[in-house]
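This report walks through a two-chain model with the sequence and the coordinates side by side.

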Amino acid sequence: MATNPRTRLGELERAVMEHLWTASEARPEGLTVRDVHDAIGVERGLAYTTLMTVLDRMAKKKLVTRERDGRAWRYLPASSRDELTSEALHHTLGELAGSERRSALLRFLDQSTPEELDELRAALADLEQREGKRKTG
Amino acid sequence: MVIAALLILMIALAWPVPRLMAGMTTFRRAPRAALVVWQATSVAAVLAALFAAPAALPYLIGPAPELTDNATQIAIAVTVTGLIAGRLIVSGHRVGTRLRAHRRRHRRLVDLLAVPVGADASHAAHMRVIEHPTPTAYCVPGVRRRVVLTQGTLDALPEDQLDAVLAHERAHLRARHDLILEFFTVIHEAVPSWFRCEAALREVTLLIEVLADRAAVRATGVLSTARAIVGMATGAVKPEGMLAMSESPSAARLRLELLEPGPVAGLPAPMAAAVMYLFAGSVVLMPVALLVVAWATA
């Protein structure tokens, strides 16, 4: 499916993150590379060292946090899925004020009021009626 | 005379013209031509600013200046034009770097959060779905582009409206609307902040949306597109502790009204567009002509 190495790496990071989010609820002390490899590496036919490298890179990118536990690292997601989702959607309207097309349109509005939404629905009803007439008439 | 004309042209194009044009809402009915006019006035303003000093030279030091005799005047002219060009280059660099860094970071975030949908179908290879209840759709332009939808969009819209949303986002990506907006942002940020016209940038943004909406109309029809716009704008859900955003209802209403081409200022749309293209061409030619006149008549 994903033949591009960068896409494959992105896909692997996503799978690792997914697993950390799910598994860290039951194991707040964190997961070792061995845990992650057993969960998602084996079925993909990936070497232990591949997962080690990926987790190391993700720690450097601050996607995951880690703590020493004897000779192994224990990994945890740096932020929850909800936090990252909020951040992603917040990006699309913040930071680039004026440059990102959505933010410019969103600045049109202040806070949308129920009246505004009603007016919008009425405008759609008008348009639907016009189109209906055009088709039958 | 010619220098005065260039200066007046520059100031007019930079200050009153964008403010006037932003208020001439009838031209939204011909969004493509209107965007060309916006681009033409911006280019003309930049050219007028760059040409002012070179146009002044023949009046100050004669038509055949000697580099050795008139070094000071020539140096001043080069400096003035260089400063203006420098501002533009710096602004272009700043905006470009910022946009690309932002997109790269955003794309990483999206790829981490969202599962690719239907990766076997080539047209869906760039699509990502994020778990969030508010209907939102947008695109991240660039070489590794993405169309991002929230789960809320998939839940709220029936198939034909979803097609309209996707056609809208793909139109943005295909026509590289991001580059048009980047061009305007660079010019916008190159001028001093008290001189900038936010209304102009908003107008251009709306025109780009209208263009994408019309692509959606061609792909899925007026009704599906209109319903999709309203569905996206009215479906906002605010989950606890999460940020929610949605299309502004007032912008959505404007877009509804502009889905189909109509007469512009009383003229049929194609005729109005032809006049607008002609105007755009003459606006760009004006500073060039003035520079030529300055050197030919001195």
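## A helix pair in chain B

Helix α9 (residues 222-234) of chain B and helix α10 (residues 249-257) of chain B pack with their axes 10 Å apart and at an angle of about 175°, which makes α9(B) roughly antiparallel to α10(B). Here helices are DSSP runs of H or I with at least four residues and strands are runs of E with at least two, numbered from the N terminus; axes are lines fitted to C-alpha atoms, for helices over the stretch in contact, and angles run from 0 to 180 degrees between N-to-C directions. Angles under 35 degrees count as roughly parallel, over 145 as roughly antiparallel, 65 to 115 as roughly perpendicular and the rest as oblique. On the α9(B) side the meeting residues are Ala226(B), Ile229(B), Val230(B) and Ala233(B), and α10(B) contributes Pro249(B), Ala252(B), Arg255(B) and Leu256(B), where a contact requires C-beta atoms, placed from the backbone, to lie within 7 Å.

This is a predicted model, in which local features need pLDDT of at least 70 and side-chain atom pairs count only at pLDDT 80 or more, while totals for chains, interfaces and linings use all residues. Residues are numbered from 1 along each chain as its sequence is written, and chains are lettered from A and ligands numbered from 1 in the order in which they are written.

## An oblique crossing

Helix α2 (residues 16-23) of chain B packs against helix α8 (residues 198-220) of chain B at an angle of about 45°, with the axes 8 Å apart, and the two are therefore oblique to each other. The crossing of α2(B) past α8(B) is left-handed, a term used when the near helix is turned anticlockwise from the far one by less than a right angle, clockwise being right-handed. Pro18(B), Arg19(B), Met21(B) and Ala22(B) of α2(B) make the contact with Ala199(B), Ala200(B) and Glu203(B) of α8(B).

## The sheet of chain B

Four strands of chain B form an open, mixed sheet in the order β1-β2-β4-β3, with β1 (115-116) and β3 (137-140) as the edge strands, each pairing on one side only. Pairing here requires at least two DSSP bridges between the strands. β1(B) is joined to β2 (residues 127-130) of chain B by two antiparallel bridges, and Val115(B) stands opposite Val129(B). Four bridges join β2(B) to β4(B) in the parallel sense, and there the partner of Val129(B) is Leu149(B). β3(B) and β4(B) are antiparallel over four bridges, with Tyr138(B) opposite Val148(B); in their hairpin, which has five residues between the strands, Gly142(B) takes a positive phi near 125°.

How many residues of β4(B) are buried? Five of its five residues are, buried meaning that 20 or more other C-beta atoms lie within 10 Å of the residue's own, exposed 12 or fewer, and partly exposed in between, with C-beta atoms placed from the backbone. In a regular strand the side chains alternate between the two faces of the sheet. In β4(B), Arg146(B), Val148(B) and Thr150(B) lie on one side and Val147(B) and Leu149(B) on the other, all of them buried.

## Chain A and its hairpin

Chain A has six helices and two strands, which follow the pattern α-α-α-β-β-α-α-α along the sequence. Of its 137 residues, 23% are buried. Strand β1 (residues 64-69) and strand β2 (residues 72-77) of chain A run antiparallel and are joined by six bridges, with Arg66(A) opposite Tyr75(A). Two residues separate the strands in this hairpin, where Gly70(A) takes a positive phi near 65°.

## Positive phi outside glycine

Lys62(A) has a positive phi near 65° although it is a residue other than glycine, and its place is in the loop between α3 (48-60) and β1 of chain A. Lys62(A) is exposed, with 9 other C-beta atoms within 10 Å. Ala265(B), also not a glycine, has a positive phi of about 50° and lies in the loop between α10 and α11 (269-297) of chain B; with 12 C-beta neighbours inside 10 Å, Ala265(B) counts as exposed.

How values were computed. Two residues are in contact if their C-beta atoms, placed from the backbone, lie within 7 Å.
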